Amino acid sequence: MTGFETLSVSMVPMRLLTFQAPAEDVDRIMAAVVAIVPLTMGVYDSNAYQSAPGIERYRPLEGAAAGAESDLRRRLGVVEVVFELPDAQDVTERVIEAIFQAHSYQEPVIRLQATLSSRSKGLDDSKNPNRWWNSTGDWKKAAST
């Protein structure tokens with residue numbers, strides 16, 4: 001996949017990794033990921049997206065750690081986490097292994113996709129009225145008042 005540039009951004013080849021996990025597992029899993037790669041985007045690190053909790057549906061079959069079951073299980077509080085990795089096989093392999101080792105599941109759901117991702121060129125945005133810092137100020141201060 002080949003990147004390209006616009007006036008404001010460079011579109012660079014990356015790998016988009018998604019995993020599902022119980023919400024209570026996410027901090028442990030992400031700590032293992034960030035120990036390998038800082039998930040940097042511009043002047044920010046630890047960049048990831050976590051969905052709202054949902055319901056995971058599955059039925060253990062023969063060979064599952066829980067043993068085979070006839071009823072469908074529904075687990076509340078499962079989230080999806082998405083982040084970008086550099087387009088590098090060695091980093092990707094280490095991150096996937098770290099997720100597997102830190103995850104509480106016998107068969108974690110991990111997906112990997114090739115993608116193009118935007119990276120800002122750091123142009124002067126001081127006059128752009130759509131930027132939060134030029135309109136509403138610091139969102140952290142606004143949220144606390």
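Colleague: Which residues is Phe 19 in contact with, skipping its neighbours within four places in sequence?
Modeller: In this predicted model, Phe 19 is in contact with Ile 29, Met 30, Val 79, Glu 80, Val 81, Phe 83, Ile 99, Val 109 and Ile 110.

Colleague: And which residues touch the most other members of the largest nonpolar core?
Modeller: Phe 19 is one of them, along with Phe 83, Val 95 and Ile 99. That core has 17 residues.

Colleague: OK, zooming out. How many helices and strands are there, and what pattern do they follow along the sequence?
Modeller: There are four helices and six strands, and the pattern reads β-β-α-β-β-β-α-β-α-α. The radius of gyration is 19 Å, while the globule rule gives 15 Å for 145 residues, so the protein is more spread out than a compact globule.

Colleague: What does the C-alpha trace span along its principal axes?
Modeller: About 60 × 45 × 25 Å.

Colleague: How much of the protein is buried?
Modeller: Buried residues make up 26% of the 145. The protein exposes about 9,700 Å², with carbon and sulfur atoms supplying 53% of that.

Colleague: Switching to charges: how far apart are the mean positions of the positive and negative ones?
Modeller: They're 5 Å apart, counting 15 positive and 19 negative charges.

Conventions:
Residues are numbered from 1 along each chain as its sequence is written. This is a predicted model: local features need pLDDT of at least 70, side-chain atom pairs count only at pLDDT 80 or more; totals for chains, interfaces and linings use all residues. Side-chain values use heavy atoms; hydrogens and water are left out. A nonpolar core is a set of buried Ala, Val, Leu, Ile, Met, Phe, Trp, Tyr and Cys residues joined through side-chain atoms within 4.5 Å. Buried means under 20% relative accessible area, exposed over 50%, partly exposed in between (1.4 Å probe, protein chains only). Contact means heavy atoms within 4.5 Å. Helices (H or I, at least four residues) and strands (E, at least two) are DSSP runs, numbered from the N terminus. The radius of gyration is taken over C-alpha atoms; the globule rule is 2.2 Å times the number of residues to the power 0.38. Accessible areas come from the Shrake-Rupley method with a 1.4 Å probe; for residues, only the protein chains shown count as cover. Lys and Arg count as positive and Asp and Glu as negative; His and the chain ends are not counted. The place of a charge is taken as NZ of Lys, CZ of Arg, CG of Asp or CD of Glu.
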